2 protein chains.
Amino acid sequence: MIVILSQIIVKLFSFADRNTQKPLKDMKKLQLQIKMNSALFLRNPESSELGKNIIMHSIQLIHKNGFESFTFKKLAEDIGTTEASIYRYFENKHKLLVYLTAWYWGWLEFQIAYSTNNIIVPATKLKRVIKLLVSTVEDDEQTGYVNESLLHQIVIAEGSKAYLTKQVSDDNKQHFFKPYKDLCGVVGSIILECNPRYKYPKSLASTIIEMAHFQNFFMNNLPALTDFGDSKEEKDVLSFLNDLVFSSIRK
Amino acid sequence: MIVILSQIIVKLFSFADRNTQKPLKDMKKLQLQIKMNSALFLRNPESSELGKNIIMHSIQLIHKNGFESFTFKKLAEDIGTTEASIYRYFENKHKLLVYLTAWYWGWLEFQIAYSTNNIIVPATKLKRVIKLLVSTVEDDEQTGYVNESLLHQIVIAEGSKAYLTKQVSDDNKQHFFKPYKDLCGVVGSIILECNPRYKYPKSLASTIIEMAHFQNFFMNNLPALTDFGDSKEEKDVLSFLNDLVFSSIRK
DNA sequence: TATTTGTGATAGTATTACTATCATTTTCAA
DNA sequence: TTGAAAATGATAGTAATACTATCACAAATA
């Protein structure tokens with residue numbers, strides 16, 4: 001079974017035994033696949049073991065040492081392959097970063113769609129969304145080679161670098177940031193559901209998204225910029241954002 | 001006359017004629033000097049022509065080509081000096097970026113102090129502050145070698161890279177971000193003047209500061225993330241932020 | 001089984017990010 | 001005004017980065 005909803009493909013695999021062809025009970029799994037813009041890569045990393053290793057190990061390495069010190073050479077050594085092989089998948093490390101963040105936004109949009117599915121009251125929906133944006137994610141077993149928890153932290157610390165470049169307009173023309181914009185659109189329309197007369201739904205949406213991450217980063221690294229330096233708790237960021245958002249739209 | 005207020009030094013120079021020693025009328029100038037953390041440089045760039053050239057040309061080059069493609073070699077060529085000479089002033093380009101952003105925050109704090117000087121009503125003060133944060137600055141003649149207008153745009157597009165690094169905590173220990181934190185403190189206390197019971201003054205302050213820049217960047221580069229993509233006008237960002245801030249603190 | 005496709009191994013280049021040395025010029029203090 | 005100290009320029013060199021190219025071999029596929 002395959003379900004496709006806009007950018008996300010949900011596959012229900014029935015793993016079968018290689019020899020007997022009988023379905024294996026415990027290997028029946030729901031598998032999430034985020035549809036990626038193919039202009040982001042030279043060869044689809046999902047299509048091979050090496051590709052999946054590139055994603056998996058790049059997440060680990062960027063998380064560990066930061067994007068600046070991350071190189072394809074180090075990644076190759078980490079995986080046990082060669083630099084040249086990695087260049088067959090990604091043109092350069094910038095594209096890889098954009099790929100990773102785009103994947104994250106796509107994944108998050110699915111989480112939001114999934115977790116606000118049956119909720120009718122828009123304000124409740126919006127609260128769920130904010131919570132998802134702020135919260136540390138657990139590693140999602142539905143997506144084999146991606147560690148969402150690490151990726152979340154990468155998006156916090158390095159995500160902005162994906163678009164804070166001179167090529168942002170070119171990249172945008174190639175729709176590299178579509179998942180981010182889609183997410184922003186989804187959040188914006190929930191805001192409008194809450195208050196159809198609110199004037200800045202998209203700007204408020206991007207503010208929530210950015211601040212969910214920046215306040216977290218500040219809290220942990222430059223605590224004087226926040227009011228949560230002592231507690232360092234996500235729930236405080238959550239309270240702040242809820243207060244900010246709902247006082248704006250319920251005026 | 002020299003006036004010193006926390007981080008800023010205001011010098012009133014009476015330029016005198018070299019020969020007659022009579023003060024020259026039209027050359028009487030107010031000169032602003034931002035006090036910089038000396039751990040940011042190896043040799044103080046304010047102390048020499050070459051140093052001032054480094055600041056002036058680095059602002060031009062980073063603005064023109066972006067921080068990623070900016071190198072000390074290109075800067076040296078632009079100035080007409082050598083790479084080695086530049087390394088005598090700054091350890092590396094990261095320190096230079098931190099220097100430039102720190103300078104900007106210091107300068108902005110002075111602008112805020114100056115322009116809210118005689119205002120009594122806190123809300124009016126806060127509005128002024130938001131306006132200063134959002135507005136394109138005119139090149140300030142009081143600061144010879146710094147083009148504040150270009151620097152403002154650099155801070156918008158590259159400013160976050162000053163702290164989004166693995167060394168952020170080390171840099172913070174050396175007080176590299178003090179000007180930013182001070183500014184945030186100033187804005188936070190104006191917020192508290194408006195409403196002493198508001199719970200998140202510092203987080204709201206950093207939100208205003210970051211969003212004043214990010215919404216501007218989005219508006220011009222990723223307009224789908226804002227509600228101002230059509231107009232592309234600063235006054236719209238201003239309205240959004242005013243709405244956001246005052247509905248939060250006047251609840 | 002022949003052919004395409006992907007990977008590994010190796011090599012090579014231009015640029016970046018520095019460090020080092022030494023001669024020359026400028027500054028400043030006695 | 002002179003003489004030492006400090007700053008700059010000129011040049012060279014190194015290790016790492018960010019790639020590109022080539023060829024042999026293995027695996028998948030038709």
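Biologist: How many salt bridges does the structure hold over all chains?

Modeller: It holds 12 salt bridges over all chains. A salt bridge is a side-chain nitrogen of Lys or Arg within 4 Å of a carboxyl oxygen of Asp or Glu. This is a predicted model, where local features need pLDDT of at least 70, side-chain atom pairs count only at pLDDT 80 or more, and totals for chains, interfaces and linings use all residues. Residues are numbered from 1 along each chain as its sequence is written, chains are lettered from A and ligands numbered from 1 in the order in which they are written, and side-chain values use heavy atoms, with hydrogens and water left out.

Biologist: What makes A:Lys161 and A:Glu68 a salt bridge?

Modeller: Their closest N and O atoms are 2.9 Å apart. The cut-off is 4 Å, so the pair counts. A:Glu68, A:Glu158 and A:Lys161 are linked in a network of salt bridges.

Biologist: Is A:Lys161 called buried or exposed, and why?

Modeller: Buried means under 20% relative accessible area, exposed over 50%, partly exposed in between (1.4 Å probe, protein chains only). A:Lys161 has 7%, so it is buried.

Biologist: Why do A:Lys235 and A:Asp236 count as a salt bridge?

Modeller: The N to O distance is 3.5 Å, so it falls within the 4 Å limit. In chain B, B:Lys235 and B:Asp236 form a salt bridge at 3.6 Å.

Biologist: Why is B:Asp236 called buried?

Modeller: Its relative accessibility is 17%, under the 20% limit, so B:Asp236 is buried.

Biologist: What about B:Ser206: buried or exposed?

Modeller: B:Ser206 has 0% relative accessibility, so it is buried. B:Ser206 is found in helix 9 (residues 201-221) of chain B; helices here are DSSP runs (H or I, at least four residues), numbered from the N terminus. Leaving aside neighbours within four places in sequence, B:Ser206 is in contact (heavy atoms within 4.5 Å) with residues including A:Gln215, A:Phe218 and B:Tyr180.

Biologist: How many salt bridges cross the interface of chain A and chain B?

Modeller: The rule finds 0 salt bridges there. It does find 16 residue pairs in polar contact, both at pLDDT 80 or more. A polar contact is a pair of N or O atoms within 3.5 Å; within protein, one must be able to donate a hydrogen and the other to accept it, and residues adjacent in sequence count only if both atoms are side-chain atoms.

Key: Helices (H or I, at least four residues) and strands (E, at least two) are DSSP runs, numbered from the N terminus.
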